[in-house]
Structures are given as C-alpha cells and as structure tokens.
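The sequence and the coordinates come first, and a description follows.

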Number of protein chains: 2
Amino acid sequence: MKRYPDYAHPSPLNIKSLLLRPRYWSPEQRIHYRGDYSHTYAEFFKRVAQLAHLLDRLGVKPGDAIGVLDWDSHRYFELFFAVPMCGAVLHTVNIRLSPEQILYTINHAEDVVLFVHDDFQALIEKMRPSLTSVRSIVRLCDPGAAQPADSYEPRLAAESTTYDFPDLDENTVATTFYTTGTTGDPKGVFFTHRQLMLHTLGVGLGLAAFGDPFSFRQDDVYMPLTPMFHVHSWGMPYIATLLGVKQVYPGRYEPERLLRLLLEHRVTVTHGVPTLLHMVITQATNAGVRLDGLKMLVAGSALSRGLCERARECGIQATTAYGMSETCPLLTVSHLKPAQARASADERLGLFTVTGFPLPLVETRILDENGAALPPGPEHVGELVVRGPWLTGGYARNEERSRELWRGGWLHTGDVAYRDEAGYVHLTDRLKDVIKSGGEWVSSLELENLLSQHALVSEVAVVGTKDERWGERPVAFVVLRAGAAAATAGATLREHLQTFVGRGVLQRWAVPDEIRIVAELPKTSVGKLNKRALRATLTTT
Amino acid sequence: MKRYPDYAHPSPLNIKSLLLRPRYWSPEQRIHYRGDYSHTYAEFFKRVAQLAHLLDRLGVKPGDAIGVLDWDSHRYFELFFAVPMCGAVLHTVNIRLSPEQILYTINHAEDVVLFVHDDFQALIEKMRPSLTSVRSIVRLCDPGAAQPADSYEPRLAAESTTYDFPDLDENTVATTFYTTGTTGDPKGVFFTHRQLMLHTLGVGLGLAAFGDPFSFRQDDVYMPLTPMFHVHSWGMPYIATLLGVKQVYPGRYEPERLLRLLLEHRVTVTHGVPTLLHMVITQATNAGVRLDGLKMLVAGSALSRGLCERARECGIQATTAYGMSETCPLLTVSHLKPAQARASADERLGLFTVTGFPLPLVETRILDENGAALPPGPEHVGELVVRGPWLTGGYARNEERSRELWRGGWLHTGDVAYRDEAGYVHLTDRLKDVIKSGGEWVSSLELENLLSQHALVSEVAVVGTKDERWGERPVAFVVLRAGAAAATAGATLREHLQTFVGRGVLQRWAVPDEIRIVAELPKTSVGKLNKRALRATLTTT
C-alpha cells in the first residue's frame, strides 16, 4: 500500500481566497473612488458577483482575455477580482502607450471584451475597425455622469449579487499587461493565480512583519499612486483586500485631488515612482500642508537621497522598493535591521535609498559577464538575477524572449548591481544605461543621487555619450528648482561633485564633463526617466 | 503558437527558502538551548549543512523517514530543516505515548535512522529487537554531558559546513507524526513542503498584520511551550526562522527552568495548551514575579476566561487559537477587530477566549447532521469543517480514514461549533464529548468556562454520564485551588452556575446534577484533558 495517500490539492491557490477573510472581518470597511463615491466591502463582494454574471452574459469563457482602459477606480478594483476569479485573463491596458501600441496590445492579448472609461471612448472608437478579437465593449461612466443602458452600472444592477466561483487550477493565467522595451513591439507579461497569491502572501508577510521604516498592516489606509494598469498597482490592492483596510482609488492622477484625498482619508500607505512623490511634495509644499503618517514605497526609478529628505520635511516616510513588470513586481524593500534602528537620522536616510533587502522567498545573485556568481562587495558589480515563486513564466507568444529572460534558470533583470555584506542589493544602473569610461563602470544612479542632494536641483538624469578617447563619458541633465540661477548652476554642481571626490566617495573620472541645464526631462509611459530619449538628444545635437 | 508559454515552476515551495532571508538579515541573531548553550543563526546554517552531510553518510535517500526522540532543543530545530531539505521525511516521535505505541509509530513510519536523546536511550534499547526498519541510531547528548564518537556533535563536526540542497517537488512529504484517537492505533498525519510553506506564509501574515492582542513580528523573542513533536511546535519555529528572531528552546519542560528562560530572554511570543499556561502562572505567582510583555497563543483545549484573567494578572496576554494535528495546525486566532479595540477590559477578556477568527486562506463551514451548511448564529450548532492550503492530505497507509477525514471535499474536524454574525467560530464541544440531555445539546466547554471563573476553581472538566430519564446528564470534575474548603465547594459552585441561569446565559437544565471535587484531572500525552478517562471513571464507579 502507498505510504502517503495522494494529495490532490483540494485548495489550489486562487485569488478568490483573498476574499475569505475580509468578507467577515471588515464588511463595513469602505472603498472610495476619487471623493465622489464610496461603498462598503460588503457591497464590493456583491458587485464582484454581479460583474461575474455580466461576464457570463457577455459569453466570456475560461482563458478569454478582458481588456480594461480606466483610471484608478472602484470598477477597476472589481475587475481585478471578478475577471480572474471566473477563469478569464485580466488585461490591464497601458493607456499611456501610443494609440498604435494600445491597438497592438489589445489584438495581441486577444481581448474579447473591453471595459472602457468615457475618457477613452473616442480613442477606442477610432481603432474599432482594426480590433481583431473584441466582441463587446462595456462603457465605464463616472458617478454623476450619464449612465447609458449599455454601461457598467446599469448592467451590474441587473445581475444577481451571489455567484459560485469555480476552483481553478492555480496555474491558470490571471492577468496580463504589456511592457515597452527600448526596441521592438511591447511584450506581454502574464501572471497566474498562484503567482499573484504568493506575491500577496510573501510580500504581505514581509511588509507586515518588518516595519522599519515601511509596514502595511490592518490599521493602515491604502491609496495607490501607481496606476492600476502598471503591474496591477504593484499587487498592493490584493494585499490591501486581504487585510481588509480602507482603500481609496483616486481616478486620474490630478495633483490637487491626490493631495486632497491623502489628507481627507489620512492615507498611511501608498507607492509610486519618484515623479509621483515629487508631485505630491510639490503640491503639499505649495498648499502649506504636511502629510505626517504617510508611508510611501518608491520604485521604478531610484529614490534619491535629496527627494527622500524633502519627503521627510513634509512628514512623508519614503522608502525604496525594487521590482519590475516581470516580477509581479516586488523583490526588495530597503527595510532596516533592528541594529540600524538607532542610526542617526542622516544615516537612516542613506539606508532608505538603497535598492533594498530581498523580500521573503526572493533569491538574488549577481552574475559576472560569464554568468558566474559574484561575492558581496561594491567592487563586484554585475547583472542582478533573481528567483522566487511569483516571477512571470515569460512573455505571451514569445518563446524566444521567454527563454532569454530565464536563461540558466534565473530571471535576468537587466539591472546592474552589487550586494553588500549585510545582504542589501545596490542597483548601479540599467544594463542598457551602463556608462563605461576608460574601461571602468560609471554609475549613473550614483551621480544622480549625489546631484539630487544639492539645493539647486529639482530633477536630474545622467546618461553616457560616445567619446573618442574614453569610449563613453557621463553627461548630466539637470532641472533646476524654481528661482535657481541657471547661468552658474553647472559650475556650482561640478564643485559639489568634486567635494565627494575629495571625500573618496566618487572616482575623479566619474565627474561628468558636461552638466546641461534643461527645462524638463523626458518620461516614459509609466513616468520613469526616458534615458533613451536623452541619449537621442546627444547624438542629434 | 501557444499564447502563454508553459510555466514550469522554477521556484517550487521548499522549506529551504525560509532560510534565504535570515541568512543575511540576522546571521548574528542567537538560538538558545535551555540556558546552557547558544549559537548564532550563521552557525545554525552551517550545522544544517553538516547534518545534511551526516544524513547522506548514513545512506538516507529521498522519501526515507527519520525519527527523532528529543526534548525541545537546537538539535531538534536543525532536524526540522535538514531532514526535509534533503527530501527525507521528519518523523517527530511523540515521546508521551506508551512504549508500545512509540514502537508502533516508528515501525509504521518506517524510520531508517533515529536521533535519540540520552533520556530515551534505555527505552529504545529495550525495543531495539522489535524495530523493523531502523538501520542507525544517532545519540543526542546535552552540552556538558559525555559526547561519544558516534553521537550528534562529534559526527556533525566531522562534516563540511556547506551543502547544495536540491530543489524538491513541493508535494514531497516533509514531516509526519502520529495522533492518538479514542480508539485504534495511532494515525500518521503528514505534511508536504508546500503545506508547511503555505502555513508559514498564511499564518505568518495573519500574525504579523493583525496585532490585537497577539502579533508575531521581527522584534519578538520566541520560545515554544508546545513540544516540538506536537505538530512541529504548531509550525511556529518555521515562522520564527523566516522572521530571523531570537529563539529559545527550553529542553524538557521543567517549571522552574521555563520561568527562568522566559524572564532571562524576555520572551514575547509563546504558545501552548492551557495546562502549560497554568504551570507558568503558578510558577510565576509562587516566585512573586511578573511576565509583562509575554504573548501566548493557547490552543489544544479551550482557554477559559478564568485562566485568561489570571494570566493577565501576571502580565501575560493569553489569546485563544484553534487547530488540530491534521491542520498543520493553526486555523483560527481570536484576533480583535479594530472596532473592538475600545471594548472594556472585561469585554476584551470575553473575546480572547472565543475560538477565533479564521486565518487568511482558511475557509470554514458548520454542517448539520445531513451535511448541509448552517447559517451563523449560536442556535446553529453543527460540525466544523474546513478547507485551506495547509491541511493534511490524510493518514499514512490509511486510505479509508483519509477519505473519511475529507468526505465531501472538506476536512472534518470532529468539533462541534457555531459561527457568529461577525465571523468568529465558537467551539462548543468535541463531537465525541458532546452531551445530549433531554434532546438538547449541553456545551461542556461553556460549563467549564463558567466554572473556571470562580475563585475556588483551579481546573475543571465536564463530561456526560448516561441517564435513564434524560439520555445524558453533565457531570463536573473540579480541582480546587490550594486552601479551598472541599466540603462546601460543590454547593457554592452550583450556586455560581445558577447565577448564570438567572442572567439567561445558561439553560436551567445545563447545570450539572453532580460536581465532583477531585485532586487532579487525567491528561493525554500532549497535556490535554483526557475526557475518555473521566467518562471511564463514571461507568466503573
């Protein structure tokens, strides 16, 4: 007789399990949209069931993809659950892409239904003749706006408020979205129920158990500052729901409204790229208000020491996190160890801006050019590769890029980093942004970090330019703070960098020969610095 | 072309992943044994590697079972990791069973190697001729005692301190142990890597994110008061390790040493049956010391309000948890909702002694006698059944009992309970301890709870006795507190119960006709009240 009877996974990891606890824990807790509308979790559960019935009515079958074009909303939040819970695939359409790219992604994902906010109706109408798989479109109309009979609210209202969601194979694909690389068509990343659940559990445990300086627990109030189409708001709405906390979805990111919502709901947990933090700080400073108690995870681009310090002056605790579209996304958070709790405020600031410490179950390695693992130490810089139970299996319909992503059994981040003796990862560059000068690597992130600390500097980006003698040389692009004198700024900032050379922090040859003062910096569709565009500036001028 | 490339689980859920974070987070953190010995996590990682080499040297192959007979120790803790990480099965032998039962479990589990503490050498020597699968025995000798060449420490010392642990299929069985029912041979429960990992993540998240009144986070100090052979100390050593906290293993449970360790290491997190809490309170009271800051999860038997109150008087926050051997074990914790935080101290006490709120991913139902789900409400009492990703698949070599356990796709707890409107589970009895009097169910747990609140009462147990007129009637067995007068106690306690009848808390017919004052109550091998033995007393007298 078999020693251990076969275990048949009677409880596969399914997104619907996230609703088990809040259903009874916090049915009266509220979910807010902008400032116009809110309802309880109890209502949310009913609406998820109604939405599932609507999907059935639209003929959606397991495996079908459903595209969403919306700002951050309670509707989007409902789609986060109902679509995968029915066995369909949620395609969070990146509305910041060009119309051609949006069309490409909808056709490539084979969306059969689109949920489209009024703001994007004209866009979709124009591409309608070119849509190859879409059968139905459901309009998303804001509270207060007209609600045609074929739009979301009237259609939900017609459905039953209970639904018997199936137990799905945990490897069922739950979500997909497209990332734009430097070249070629957008690539479709996808995540299974299992991966999203393990991200929720592993990251959730990391953020709940380790609290200095960032924690996410049941007494927090949550609002994203990362769009829901961008790696499902970093997976944080799933964690927030399991915890049963108050959630605020701010609609389109308008600085004035964002600040009002942060204050009105006393939001304690948010996350976003540095540009968004910058926006919030500026808005708060101009309004003369503080945001004490707000904790923000910052990723997407490096959080500079200067920005972190300005956040602190507003009462915001900014903390670096790191991840990428392919990793669900969170991999590291710059949590402090208990021994570091007593560090000076200045030292702590330095620690918050480190890429971070790997979250539970995340395994990291630094590989040299031959694929061999490097030991810790800032002198051992190489490509960061990772493993963990929530990383994507690859790219939709692209076996070649999938294999390349996972070569050697590790997910290749394309980031250049080293690991210190204490286990923290320090990113120094994107592989494609690396600057090699006289055979040595110059870290653009380090230069940006040092420059950002100067009082003159609002934003900064460093890229490499071809150089006959050295191969490449760094060039800094600087946006000055309001009122700063542009004429002398370049010389002042070069002197500023020289002080770090004098203290042995920076190599002499890493100081850029050129510091360009510019009015603004180009950004990508998700708000990151667009270094490719900056480099293009250099070759065309 | 396939839309989504096959995702091949490059990161199965393996116990070894729990070591990824503490390896760099807290290598200097310490693991203590009794008060005699300690070493760092860094040392622990090396010893786990050495132990793995030792297992190889002993010819252990994947799937082989390894039996351990030891008190709670750093060695046991190492075996918790090294054995499953090699693909073998850790058999935590219940040393409280009778010698015949111990022999049965070792042969039934097919242990090929035994790790045996000096205290159990004589026991094992005696049964050696009857051991059918054991090939090798490794002696476990305490620091300070003689360390023969064939014992644990010298053998570990001879091995390399690094080991390349394999990636295992996550459904590989990791642990097994035996539960004793009321009848028949002990049954072998088993857990896979996946189940232990999901218990660690789900329970870990629940205990880190929900903190009132019990939390387990990175700044805690951990010591078990549940033996390591009993459902792997409720899986808490795995959570403690992921968090990288200081851990204290107290050896054999001797009251004086337990109190000394709790005080010396300022332990903040522990767990155990009510008997152990009772022991700690008594010891602390006698020593005239307080244990402020100690949080204890209490399960195995109901935590009575009286005991919870006496714990509070010592500075201990006792909180009810619930689970069973078959469920890894934790299912519920009596966490308070934010709205309850402002309840009076007295109300809070009542809430801490409720069976609890289901942990994340745990699904519960109450079934009537026909297997239909019952709605919430104290009037809807039935059998509690559960689902969740960390429940055992069944019993070793016992397809019939496995199927019975999982009939209808739900794990049958054998406990009688109801669920209230707020989602909390209230256990009223073990199915086998149910008392049915005049066609109505009498809750033995409720009677015990009410009796325990009286100042005279130290311990109490209520069982049913056959009654011609009513079918069954409850009988209470009471151990009085030191100095209480036995002669009048029965009448006083009956009066005490009548006050609850007067207040409508208790039905008139639920008051026991007989309250027996006894010197002590019989306990099972894991320290729970042995109601079977009590009922036997009634039929033989």
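The model described here is predicted. The same surface serves both copies, since 100% of the contact residues of chain A recur in chain B.

## The interface between chains A and B

The contact between the chains involves 50 residues of chain A and 50 residues of chain B. On the side of chain A that touches chain B, two or more residues come from each of the helices α1 (20-25), α7 (193-209), α9 (236-243) and α14 (399-405), and from each of the strands β8 (187-192) and β15 (357-358), of chain A. Helix α7(A) gives the most to this side, with six residues.

By residue class, the side of chain A that touches chain B divides into 27 nonpolar, 14 polar and nine charged residues.

## A pair of helices in chain A

Within chain A, helix α10 (residues 255-264) packs against helix α11 (residues 274-287) at an angle of about 80°, and their axes are 9 Å apart. Because angles of 65 to 115 degrees count as roughly perpendicular, α10(A) is roughly perpendicular to α11(A).

From α10(A), the residues A:Pro255, A:Glu256, A:Leu258 and A:Leu259 take part in the contact. On the side of α11(A), they meet A:Met279, A:Val280, A:Gln283, A:Ala284 and A:Ala287. The residues of this contact between α10(A) and α11(A) comprise seven nonpolar, one polar and one charged.

## An antiparallel sheet in chain B

In chain B, four strands form an open sheet with antiparallel pairing, in the order β16-β17-β18-β19. Strands β16 (363-367) and β19 (425-430) of chain B are the edge strands, each pairing on one side only. From one strand to the next, the twist averages 50°.

Strand β17 (residues 382-387) of chain B and strand β18 (residues 411-419) of chain B run antiparallel and are joined by four bridges. As a detail of this pairing, B:Val385 has B:His412 in β18(B) as its bridge partner.

Technical notes
Residues are numbered from 1 along each chain as its sequence is written. Chains are lettered from A and ligands numbered from 1 in the order in which they are written. This is a predicted model: local features need pLDDT of at least 70, side-chain atom pairs count only at pLDDT 80 or more; totals for chains, interfaces and linings use all residues. Two residues are in contact if their C-beta atoms, placed from the backbone, lie within 7 Å. Axes are lines fitted to C-alpha atoms, for helices over the stretch in contact, and angles run from 0 to 180 degrees between N-to-C directions. Angles under 35 degrees count as roughly parallel, over 145 as roughly antiparallel, 65 to 115 as roughly perpendicular and the rest as oblique. Ala, Val, Leu, Ile, Met, Phe, Trp, Tyr, Cys and Pro count as nonpolar, Asp, Glu, Lys and Arg as charged, and the others, Gly among them, as polar. Two strands pair if DSSP finds at least two bridges between them.
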